Amino acid sequence: MSGTSTPTLAELPLRPELVGEIPYGAPQLDVPVCLNVNENPYPPSEAVVAEIALAAAQAARSMNRYPERDALELRADLARYLGHGLAAEQIWAANGSNEVMLHVLQAFAGPGRSVLSFAPTYSMYPEYARDTHSAWRTFPRRADFSIDAGEAVAAVREIRPDVVLIASPNNPTGTSVSPELIMAISDAAPGVVVVDEAYHEFARTGTPSALELLPRYPRLAVSRTMSKAFAFAGGRLGYLAAAPAFVDALRIVRLPYHLSAVTQAVARVALAHAAEMLAAVDQLRAARDDLAGWLADHGLQVAESDANFVLFGRFPDRHAVWQALLDQGVLIREVGPDGWLRVSAGTRQEMQAFKIALTAALDWPPDPPDPQAKETP
Ligand SMILES: Cc1ncc(COP(=O)(O)O)c(C=O)c1O
């Protein structure tokens, strides 16, 4: 007995693999310009806010009851939104695609099993593997962050992973993969393959979705989120499309009533207003392309991006650059390979603030005045 009623973490019998770990998450700092977690910077309109409030009030009237456990109406709405002839039984939904992915690993990975992805990639993946006692394996991307199909297939054949995770567009690099690569990996993979399309709506026009491949690959799943393009990060709704049996596997591991009545109701309102919720996507794609061009024009290396962010570098001391921006009220993300930084696409004013802050941080001569600066955002 330590004799204290408020033990330190070191005094608690934590699982050994969690000792020294810290909770995942980008710093949530109160600064004027937040470009660090790839959110959509445009909030919902007052009309949608009012409908969300009404739906929440309606859900509150039966708050004494558990919510609809299988969220079938919401899943039907998500199926309609995705198209491709999908039905509610082919959709799974949870509190963010983070939870969806945890369900995937709980169902298909676990002790004695392995998860493979292509590094650098989304930094939560190894945490899902750790939390499900699965072995975490990575195969390196090329210098331009693309994946060599031949080498990837050879790695899959050698490692024989139970789950392959492919983020497309990838975070933090923004890189998309081709359907041919997904098909080659799916043909070689002995287990399940999940394509994480969290940023798909931001991809350049004509970029195919892996949803098209679902009818041909019964062990393939495509995960999406309402957090990014859909401007609904606070609503916490992620989802996945796959064969009905794949979804049944996820239903086994989910907690009962995992999606609250409020979450289901407000997500359905947002989906009913899909066009409006997604209205800023084209603007954000243009902001991303403008940002990438501007950074490249200033002699920086820029990763080709199909997402709502840009990875740029390389800096001998990236932390110093990140800090210099933060000192000017602009928060970006120190993530990815050494020397690189990631910035999200934002509003015109946010992009202007970022450019001014980076210009000062790197001691560049100021840009000529922006002729469009007086336009409404
Ligand atoms: C590649 C990727 N997948 C999934 C997520 C998780 O999104 P959410 O849990 O908000 O749906 C993120 C968030 O940044 C991401 O970058």
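The questions below concern the ligand site, a sheet and some backbone features.

Guide: This is a predicted model in which local features need pLDDT of at least 70 and side-chain atom pairs count only at pLDDT 80 or more, while totals for chains, interfaces and linings use all residues. Residues are numbered from 1 along each chain as its sequence is written, and side-chain values use heavy atoms, with hydrogens and water left out.

Visitor: Which helix gives the largest share of the shell around the ligand?

Guide: The residues around the ligand include G96, S97, N98, N171, K228 and R236; a residue counts as near if one of its heavy atoms lies within 4 Å of the molecule. Helices (H or I, at least four residues) and strands (E, at least two) are DSSP runs numbered from the N terminus. The largest share, three residues, comes from helix α3 (residues 96–108).

Visitor: How much of the accessible area of the ligand does the protein cover?

Guide: An oxygen atom of the ligand lies 2.7 Å from a polar side-chain atom of N171, and a ligand oxygen is 2.8 Å from a side-chain N or O atom of R236; a polar contact is a pair of N or O atoms within 3.5 Å. On its own the ligand has 400 Å² of accessible area (Shrake-Rupley method, 1.4 Å probe).

Visitor: Which residue is joined to P172 by a cis peptide bond?

Guide: P172 is placed in the loop between β5 (163–167) and α6 (179–188). Most peptide bonds are trans. Here omega is about 15°, and the residue joined to P172 by the cis bond is N171.

Visitor: What is the omega of the cis peptide bond between G313 and R314?

Guide: R314 lies in the loop between β10 and α11 (318–327). The cis bond that joins G313 to R314 has an omega of about -10°.

Definitions and conventions: Polar contact = N/O pair within 3.5 Å; in protein donor to acceptor, adjacent residues only side chain to side chain.
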